[in-house]
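Please look at the sequence and the model below, and then follow the explanation through the two chains and the side on which they touch.

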Amino acid sequence: MKLENLANHINVALKSANAPKLATLLSYQDVHKDGLFVNNPGASRNSLTSRYAGKLASPWDEVCIAHLLVIIHTKDDNYEEAYKEEAQLVNAFLRYFTTQTRWLLPTLWLLLAELRVLAHQGDVALYSQGKATSCCEDAARICNKAFTLCVTDRTSAPAESRKWGVYRSVNIVLKCYFKVNRTNLSKNVIRAIEANPDIPPLEKFERSAQVTYRYYQGLLALLDENYIKAEAELTFACENCHWSSPRNQERILTFLIPLRMMKGSFPAASVLARFPALEDLYGRFISNIKQGNVVGFDQALVDLEARLVQLNIWLMIVKVREIAVSRVFKKCWLALQKPSRVPIPAFHAALKVAGEKDMQVAEAECLVANSIFKGYIKGYISHDTQLVVLSKLDPFPKLGARALRNGL
Amino acid sequence: MADSSATAKDVSMDDKNAEKKAEESQQPQLGVLEEDDEFEEFAVQEWKDEETDVAKYLEQSGATGGGGAPSHLWEDSWDDDDVEEDFSVQLREELAKAAKPEDAMVS
């Protein structure tokens, strides 16, 4: 297929408003790539520009040239250049997109997906040459531009508005920001949505967009230590995730489980059995809390530190440690048959049973004070008599009754 | 507000963590190259309540004939008030030791 033929096919797809067909024609992975490659040997940007620029309606001349060059560069495994051409293609496409309505969205999704794939491969290539990676950052800017063009549709009829692409495109932008570690930029795009009352409510969008958006909202809330919001967002994502994406469900649970653990709620054994990676990550913490083994908990914290830090959940597990300690106190109280006063040396002895062999009494007292402060124990310490005076009513409240607290 | 749980052990963990982060920041942006941890695009865009992962999971695990609630995924009652014999026995041993420190010294 010559480039002229490709242009003709594009014209037909445009005339019939066939966005999926148009997407296929602009995909560098579609079967037409081989014919296009063979029939345009040795083409370069210069030769193609002098031959085609202006011959096809703008921006399709640019789109076609860039598309052919993407194919040529990927055949050469030159992903750095392939990405640059794909970026040109998408930028040119966006100039057309901004004149159109919702019908063109399916084409946009394919182009942004392929842009991200090539950006990733481009960065891998740059990295292997010891150069600074830049493709994914650039792709984030282009995706952001696409998102903005969806938000700012002020001319289309409501049912036909590009605004129907707002959530799917913002999800792509957020994915980019998480990838390049620029989550601080996320607030800007979220504010752009919240500041625009014309955007239909999230519930009106496809469920895939809702689940993905709320997953990222949950992650952003976690970074802000807003645990209440994080739990609500991730719970929605967990309960609405599609069955064909167990991998996504695993990602959601990776962050929802420690949030629930902070409330004393553990995943059922069958859930952990279903996701071995989550069993590896959380199983030891859970069994050690149940057994009242604080030292075992600490050992797991040391062993799993790298992964927990990488996932940004280390801090949450450190907070869960308070539960482990408070359960030791509760076990002690139960073993003593629920007295109304517990001598601090008894709690001290319980911590020794929990593995804290070298702990001093003063340290034990300090941990009791913390448990009281955090609401795990209702009562007060009489320091002079070394007694913990417990509330008559429910001195060790159920963990679930103790609401999540942000930041604490 | 002072956090009284910040024992010596916690502090040493924080230090280790800080060192680790410093090490990481000196490396090139390897994170960009990891694809594994990404939330993937759903293959379908719209689905019914019965087609969620949770609904399918509850159905397959036979939780009350498909009428299972998402709450079945979570275990909240592990913290019930059962006295554990093992823990009680060990606790009594520790308390006995604490009550007679001179014995411990002799042995």
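Over which residues of chain B does pLDDT stay under 50, with 3 contacts beyond four places in sequence? The stretch is residues 18–30 of chain B, where pLDDT is the predictor's confidence in each residue, from 0 to 100, and where two residues are in contact if their C-beta atoms, placed from the backbone, lie within 7 Å. This is a predicted model, in which local features need pLDDT of at least 70 and side-chain atom pairs count only at pLDDT 80 or more, while totals for chains, interfaces and linings use all residues. Residues are numbered from 1 along each chain as its sequence is written, and chains are lettered from A and ligands numbered from 1 in the order in which they are written.

Over chain B as a whole the mean pLDDT is 68, with 52% of the residues at 70 or more, whereas the model scores ipTM 0.86 and pTM 0.87.

Chain B contains 4 helices and 1 strand, the helices (H or I, at least four residues) and strands (E, at least two) being DSSP runs numbered from the N terminus. Along the sequence these elements follow the pattern α-α-β-α-α. Of the 107 residues of chain B, 9% count as buried, a residue being buried if 20 or more other C-beta atoms lie within 10 Å of its own, exposed if 12 or fewer, and partly exposed in between, with C-beta atoms placed from the backbone.

Turning to the contact between the chains, 46 residues of chain B are in contact with 62 residues of chain A. H1, helix H2 (53–60), S1 and helix H3 (85–99) of chain B each supply at least two residues of the side that touches chain A, and H3(B) gives the most, with 7 residues. The strand of chain B also takes part in pairing, for which DSSP must find at least two bridges between two strands: strand S1 (residues 266–267) of chain A and S1(B) pair in the antiparallel sense over 2 bridges, and the bridge partner of A:Phe266 is B:Glu75.

Within chain A, 3 strands form an open sheet in the order S2-S4-S3, with antiparallel pairing. The edge strands, each pairing on one side only, are strand S2 (341–343) and strand S3 (379–382) of chain A. Between S2(A) and strand S4 (residues 387–390) of chain A there are 3 bridges, and A:Pro343 stands opposite A:Leu387 in S4(A). Helix H20 (residues 361–373) of chain A packs on the sheet, touching S3 and S4 of chain A, and its direction makes about 155 degrees with that of S3(A); axes here are lines fitted to C-alpha atoms, for helices over the stretch in contact, and angles run from 0 to 180 degrees between N-to-C directions.

Elsewhere in chain A, A:Pro276 is found in helix H15 (residues 276–291). Is A:Pro276 buried or exposed? A:Pro276 is exposed, because 11 other C-beta atoms lie within 10 Å.
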